[in-house]
Amino acid sequence: MNTAETETATPARFRYATQAPAPAALSPAPRPKRPRENRRRIAALLAATLLAAFLIWCATSAFGQAAGTPSALSAQGALTLAVFAVAIWLWIFSPVGDTYVALGAALVLVLMGVLPEDQLFSSLGEDTIWLLLAAFVIAAGITATGLATRAAAYIVAGARSPRQLVHLTTGVLVATAFAVPSTSGRAALAIPVFIALARALQERRRVVLALSLVFPSVILLSAVASYLGAGAHLITSQILTASGYEGFSFAGWLLYGLPLAFVSSHLCAELVLWLFTRPGDRRLPLAVGIEQLQEHSPVPLTGPLTVGQSRAALLICAVVVLWCTEPLHHLHPAIVALLGSLLVASPGFGSVGLAKALKAVPWSMLIFMAATLTLGTALVGTGAAQWLALSVLGPVDGLGAAAPWVFTVLVVVMSAAAHLVIQSRSARSAVLIPLVVSLAPGLGVNAVAIAFASTAAAGFCHTLTSSAKPVNLFSDIEGVETYKPADLLRLSTVLAPVMVALVLVFALWIWPAMGMPLFL
């Protein structure tokens, strides 16, 4: 940060004539710009140049070709693409918040007549928004009881080796995908458990490093297990519905997502052990008792469950069962969540007041989701997504019988790599899913299956500390030494191709065997 120098009262026109220049040693040298800042500025300028070229291309396509031709882009489609492209540039390079950019982009589309006002306002009333809102209230009630921390500590305390500890921790983190509806919320919930483990194992530095990588990595990869695991899942389902396809239910997402979450999370845990611990570290027994964890945990970990904890466990089990059995009772998942939120905040039964629980809801995230849903719907409704998909990925159609396979590989690779430029998982889905859904049927690919594969691949976002909030949260914990950027790069170099291959295996063979074919 630059500091202003204190000036004397000498008039400016006489200053240099009457004052001797300050010695070089006393003159504050200007701070050199850091290489990272320079690289970011250069990248922003290059991206701005590409953005300008893209806008010119859209304008030429919209106004330079005859309407009705297959390659023509409507004026509304061109406007939508222009606004969307500017929003992406701002998401990547601007310090302005993601929610502000998304809401501003949606408002611009309304003012330009591309979207009706009702569509912007109704996006905040979507059932997915209410479902997520109620789920956050339920999560606040469960967190207030300390049930999640106690259950996690009790499970990991049974580990007798680093491998057991890492895989038990992984299992607990996968389960939290059904209790807390956001990766950042799960990370905040898991940090006290990690701190207690890290302090109990402070003599085992490499084991602590491995744990610090396992926690955020598994939180991100296991989110695909639950429909509520990430806002991107709800956006994907809504865009599919807006495009005329059947969206996902809680049970449907669970059926296809949980096996991938389980396999990818435990595979990642094993990779972390292999990369960051030595054979001697893995062979040396552990003896982490519940008493040691209690010394570093503010939550009581022993004794019988409190009344609030018992009620919270009963409530979350009932809510998840009702979500999974929707075809039997026909209660909408949002209604079930709202009933659960009223119970968890009720004066006699609940563990948290409704006003306090609502304060814990990330309203900025909900508004961001509503705005990106509006943008995604605009891309589909104006035909912009179909035109862009045909323009960019259309050449794949010329590959004949290999086109569906090549398209699938490209989509999965692009989805996994997108976190390098767009940090928000929801924003990545808002960008990619409309394009994928528009092009898939023409190539003989099931739009629902490829949209699910794209969203699953987007769960890989481990490369940089800025790539995802859980990675950022665990990179800087006071009093505990965790990983450095070089450790993340080392992990992602191995994990990225493994995740791409794993998603492709599920998309091409496992999900079709479970009832979701990839090719038409």
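This is a predicted model: local features need pLDDT of at least 70, side-chain atom pairs count only at pLDDT 80 or more; totals for chains, interfaces and linings use all residues.
1. Ser424 sits in a loop. The loop runs between helix H21 (403-417) and helix H22 (425-439). Ser424 has a relative accessible area of 14%. Buried means under 20%, so Ser424 counts as buried.

2. The side chain of Ser424 makes a polar contact. Leaving aside residues up to four places away in sequence, Ser424 touches Asp98 and Phe368.

3. H22 also packs against helix H20 (residues 384-393). Their axes come within 8 Å and cross at roughly 75 degrees. H20 is therefore roughly perpendicular to H22. By class, this contact has eight nonpolar residues, two polar and no charged.

4. Which residues of H20 and H22 meet? From H20 come Ala385, Gln386, Leu388, Ala389, Leu390 and Leu393. From H22 come Pro434, Leu435, Ser438 and Leu439.

5. The other pair is helix H11 (residues 231-242) with helix H23 (residues 447-457). The axes of H11 and H23 come within 10 Å and cross at roughly 160 degrees. Angles over 145 degrees count as roughly antiparallel, so H11 and H23 fall in that class. The crossing of H11 and H23 is right-handed.

6. H11 brings Ala232, His233, Thr236 and Leu240 to its contact with H23. H23 brings Ala447, Val448, Ala451 and Thr455. These residues divide into five nonpolar and three polar, with no charged residue.

Key
Residues are numbered from 1 along each chain as its sequence is written. Side-chain values use heavy atoms; hydrogens and water are left out. Helices (H or I, at least four residues) and strands (E, at least two) are DSSP runs, numbered from the N terminus. Buried means under 20% relative accessible area, exposed over 50%, partly exposed in between (1.4 Å probe, protein chains only). Contact means heavy atoms within 4.5 Å. Axes are lines fitted to C-alpha atoms, for helices over the stretch in contact, and angles run from 0 to 180 degrees between N-to-C directions. Angles under 35 degrees count as roughly parallel, over 145 as roughly antiparallel, 65 to 115 as roughly perpendicular and the rest as oblique. Ala, Val, Leu, Ile, Met, Phe, Trp, Tyr, Cys and Pro count as nonpolar, Asp, Glu, Lys and Arg as charged, and the others, Gly among them, as polar. A crossing is left-handed if the near helix is turned anticlockwise from the far one by less than a right angle, and right-handed if clockwise.
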